[in-house]
Amino acid sequence: MDDRWESLFADAEAQFESLRRGEVEAEAADRSRREFALVRFVDRLRGAVGVAVEVWLDAEPGWAGEPARGVLVRVGPDWLLLGGEGRREVLVPLAAVSAIAGLPGRTALPGAGGKVEAKLDLRYALRRLARDRIPVRVALRGGRATWGTFDRVGRDFVELAEHLPGEARRAAAVRSIRSIPLGALRAVCAG
């Protein structure tokens, strides 16, 4: 076969291979975008458990306009738990999160939490605090904060027996019982 024909076929094959690679790359990128569109915020967070992050809240009492920084300890269906060395853990409803910085590239598979984890919602976490009578500092929408112990958790609210920091929940120490809609909670710090 003539070298010209050989060169012509080699050039055509190279062009064909280049076009095929471009199509494969474009298809992969498109598939990646479609798959990422199925990822929920909670799935994105599950892939970051154990990573240091910055959590920006709607209202940030105690953080003076700075983000809450710490290690993402656990993620529930509608909450996250932020901790760190020597820091108290902070329970944050996902509805109170404005943004999170520091998430790694990995993401949990959509729905990887399972049926059991789906039941461990914010109310479950708050009921555990109420059951164990753990004193808490509660940050509320609008920049307010209060101290107390959760008494009861309803379907869409929690009742907090307000008392001074460091005091146990005793009848004589309780200044008032405050009913708080779950949507008003911005952060709960145990201890």
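1. The accessible surface of the protein comes to about 11500 Å², and 54% of this belongs to carbon and sulfur atoms. Accessible areas come from the Shrake-Rupley method with a 1.4 Å probe; for residues, only the protein chains shown count as cover. Of the 191 residues, 37% count as buried. Buried means under 20% relative accessible area, exposed over 50%, and partly exposed in between (1.4 Å probe, protein chains only).

2. On the source: this is a predicted model, in which local features need pLDDT of at least 70 and side-chain atom pairs count only at pLDDT 80 or more, while totals for chains, interfaces and linings use all residues. Residues are numbered from 1 along each chain as its sequence is written, and side-chain values use heavy atoms, with hydrogens and water left out.

3. Confidence. The mean pLDDT of the protein is 85, and 88% of its residues reach 70 or more; pLDDT is the predictor's confidence in each residue, from 0 to 100. Among the elements, α1 has the lowest mean pLDDT (72), and strand β8 (residues 157-162) has the highest (97). Where pLDDT is low, the predicted coordinates should not be read in detail.

4. Overall layout. The protein has four helices and ten strands, arranged along the sequence as α-α-β-β-β-β-β-α-α-β-β-β-β-β. Helices (H or I, at least four residues) and strands (E, at least two) are DSSP runs, numbered from the N terminus. Of the contacts in the protein with a separation of 6 or more, 55% are between residues 24 or more positions apart. Contact means heavy atoms within 4.5 Å.

5. Helix α1 (residues 3-36) contains Trp5. Together with Leu8 and Phe9, Trp5 makes a nonpolar surface patch of about 340 Å². Patches are made of residues with over 30% relative accessible area and no salt bridge: like charges are joined within 9 Å, nonpolar side chains (Val, Leu, Ile, Met, Phe, Trp, Tyr) within 5 Å. Trp5 counts as partly exposed because its relative accessible area is 49%.

6. Salt bridges. A search of the whole structure finds nine of them, a salt bridge being a side-chain nitrogen of Lys or Arg within 4 Å of a carboxyl oxygen of Asp or Glu. One of them joins the side chains of Arg40 and Asp43 (3.3 Å, N to O). Arg40, Asp43 and Arg46 are linked in a network of salt bridges. Asp43 is buried, with 0% relative accessibility, whereas Arg40 is partly exposed at 45%.

7. Two further salt bridges involve Asp151 and Arg152. The side chains of Asp151 and Arg169 meet at 2.8 Å (N to O). This pair links distant parts of the chain: Asp151 is in strand β7 and Arg169 in the loop between β8 and β9 (176-181), 18 residues apart. Arg169 is partly exposed at 26% relative accessible area. Arg152 pairs with Glu159 at 2.7 Å (N to O); Arg152 is exposed at 53%, and Glu159 is buried at 14%.

8. What does Thr146 touch, not counting residues up to four places away in sequence? The list is Val136, Arg137, Val138, Leu140, Leu160 and Glu162. Thr146 is found in strand β7 (residues 145-153) and counts as buried because its relative accessibility is 9%. Its side chain and that of Glu162 are joined by a polar contact of 2.4 Å. A polar contact is a pair of N or O atoms within 3.5 Å; within protein, one must be able to donate a hydrogen and the other to accept it, and residues adjacent in sequence count only if both atoms are side-chain atoms.

9. Val153 is also in strand β7 and is buried, with a relative accessible area of 15%. Leaving aside neighbours within four places in sequence, Val153 is in contact with Arg123, Leu126, Arg127 and Val158. The C-alpha atoms of Val153 and Leu126 are separated by 6.9 Å, although the two residues are 27 residues apart along the chain.

10. A backbone point to check is Arg133, which has a positive phi of about 55° although it is not a glycine. Most residues other than glycine have a negative phi. Arg133 sits in the loop between α4 (122-131) and β6 (135-140) and is partly exposed at 38% relative accessibility.

11. Arg186 lies in strand β10 (residues 185-190) and is buried, with a relative accessible area of 6%. A polar atom of the Arg186 side chain lies 2.9 Å from the backbone oxygen of Gly183.
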